[in-house]
Amino acid sequence: MSELKVGDVVEFKIEKLIKGGFLGYVGEDEIFLPKSLSGLKEDESVIGKNVKAYVKEFKQNSIVVDRKAYLNDVKEKLEQKADEVLIAKVTKVKPNGIVIEVDGISGFVPKDEIFYKKIDHRQYISEGDEVSVKLIDSQRRIFSIKKTLPNPWDDVKELNIGDIVKVSVSHITDYGAFVDLGNGVEGFLHISEINWDGINDLTLGDEIEVEIVQLNPETEKLRVSRKNLLTKPAEIFAKKYNVGDIVEGIVTKFINVGAFVEIDGISTLLPNKFASFKKGEKASDVFNIGDKMEFKVITINTEENKVIVSRKDALPNPYDIFAQNYNVGDEIEGKVKYITDFGMFIDLGDIEALVRKEDYKNNYEIGDSFKGKIIEIDGERVKLAE
C-alpha cells in the first residue's frame, strides 16, 4: 500500500464500473469510489474520466475515496475566489459555450461570456486549451472569460444617444449587421436602419457613420442607425417633381397592397386602386416586373418618406371616352368577368359595367357572353340590363 493517508487528494482515471461504484488506480494501488460519494452517473460514459477525490479510508485491497467531499470543499474555495482570475481547462466546445474544469470541478462559460465581440468561439478555442476565467454564478457554476479582460464598454460610457460615430462593418446577418467602434465594442444595425430602402447594401469592412439610438454599457447593448444620417428619398424626389407631374417609372416589385415603382432610382408606391380603372384589378394582374411606363404623382410626403403614384391617372379616362361614344339605350356586348351576390360585372374592353341581379333573368357563368342595353352612364359607373 502507498504512503497516502486519510484526507489526501488523489487524482485517477476511472477504469471500470463495479457493483456499488467505480474502480481506478494510482500507481499499483486500487482506488474504489463508491457511487454514493461520487457525484457521477453510474454508466459507461464515465469510463476514462479523470477525477479528484479525498482519501476516506483504507481497506485490505483498495483505497476508498470521497469525490463529493472534495467537490464541496473546492466549491467553497471557488466562491471565496469569486473576484480572482482562475486557470481552467477546456473539456468540451459546444455551439452555446464551452465546458471547463477548475480543480476537478466542471463549469460552463456561455458563448456571450467568452468574447466581447459577436464571433464564433469555436474557431478560436479547442478542447485541452487553458483559459483564464472568473466565477460569476457559483450556484450554477457559470464562469466568464471576458470578465478577466479589460472591458471595452468602459470606453463608451462617455457617448450619448444621438452621437454620431464612425464604425466598421464586422459581421453581416440576414436581419442586419454588427458594427465595430474600433475598441472591440460592437453595435447592432438592424436592416431597417441601414437605409431607407430596407435593403442591406453593406459589405464586411465598410467604414460608415452611424447615429447611436440605444446605449447601455451595463447590459452591453448598443443599437445604431445609418438611415437617420441619410437624406430621405422622398426629399430628393420632392426637389425634382411635384404632385400632378407625369413621370416615367419601372415596376420593380409586387406586394399585397400594390407594387413598387422605381423613378430615378427612388422607390415609390403604386396602390392597387391606382393600377387600373377596372374594379378589383391588382397591380400584379395588369403589369409585369420590368414594365416601363408613365405614372402620375399623387402624393409626396417627406415627413413620412412616402411617394404615391398612379398609373390610371396618367391615362385618358376610358369612362369619359365611353360616354362620348355611347348613350343610354344603346345595345352593347361583353363578357362576364365576375359574379357577386348583387349582380355581375361585364368586361367591355377598357371599362367594366354592372348588371344588377334584378336586371337579368338568364343564368351566366364567368366567361359567358352578355348582350344588353345601357341603362346608366355616370362617370365611372356604367350599368346594363338584359
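Visitor: Which residue caps the N-terminal end of H4?

Guide: In this predicted model, the cap is Asn317, which places a side-chain oxygen 2.8 Å from the backbone nitrogen of Tyr319.

Visitor: Which residues of helix H4 are buried?

Guide: The general idea comes first. An α-helix has 3.6 residues a turn, so residues three or four places apart point the same way. In helix H4, which spans residues 318-325, the buried residues are Pro318, Tyr319 and Phe322. They lie on the same side of H4 because the arc they cover around the axis is only 100°.

Visitor: What covers the buried residues of H4?

Guide: The cover includes four strands: S21 (331-340), S23 (352-356), S24 (369-378) and S25 (381-385).

Visitor: How much space lies in the largest pocket, and which residues lie nearest its centre?

Guide: Rolling a probe the size of a water molecule over the atoms shows where empty space is left. Here, the largest pocket holds about 1,000 Å³ of space. Its lining consists of 35 residues, and Lys49, Thr91, Ile100, Glu101 and Ser106 lie nearest the centre. Among the elements that give two or more residues to this lining are helix H1 (67-80) and strand S6 (86-94). S6 gives the most, with seven residues.

Visitor: Which residues lie nearest the centre of the second largest pocket?

Guide: They are Asp112, Lys117, Lys118, Ile119 and Phe178, out of 28 lining residues. The second largest pocket contains about 680 Å³ of space. Its lining divides into ten nonpolar, six polar and twelve charged residues. Strands S11 (164-173), S13 (186-190) and S15 (221-225) each supply at least two residues of this lining.

How values were computed: Residues numbered from 1 in each chain as written. Predicted model: local features only at pLDDT ≥ 70, side-chain atom pairs only at ≥ 80, totals over all residues. Heavy atoms only, no water. 1 Å grid on protein atoms, 1.4 Å probe; cavity = no way out; pocket = protein on both sides within 12 Å on 5 of 7 lines; lining within 4 Å. Points joined across faces, edges and corners; volume = space filled by probe spheres on them. Nonpolar A, V, L, I, M, F, W, Y, C, P; charged D, E, K, R; others polar. Buried < 20%, exposed > 50% of the residue type's maximum accessible area, 1.4 Å probe, protein only. Arc of directions from axis to C-beta. Contact = heavy atoms within 4.5 Å. Polar contact = N/O pair within 3.5 Å; in protein donor to acceptor, adjacent residues only side chain to side chain.
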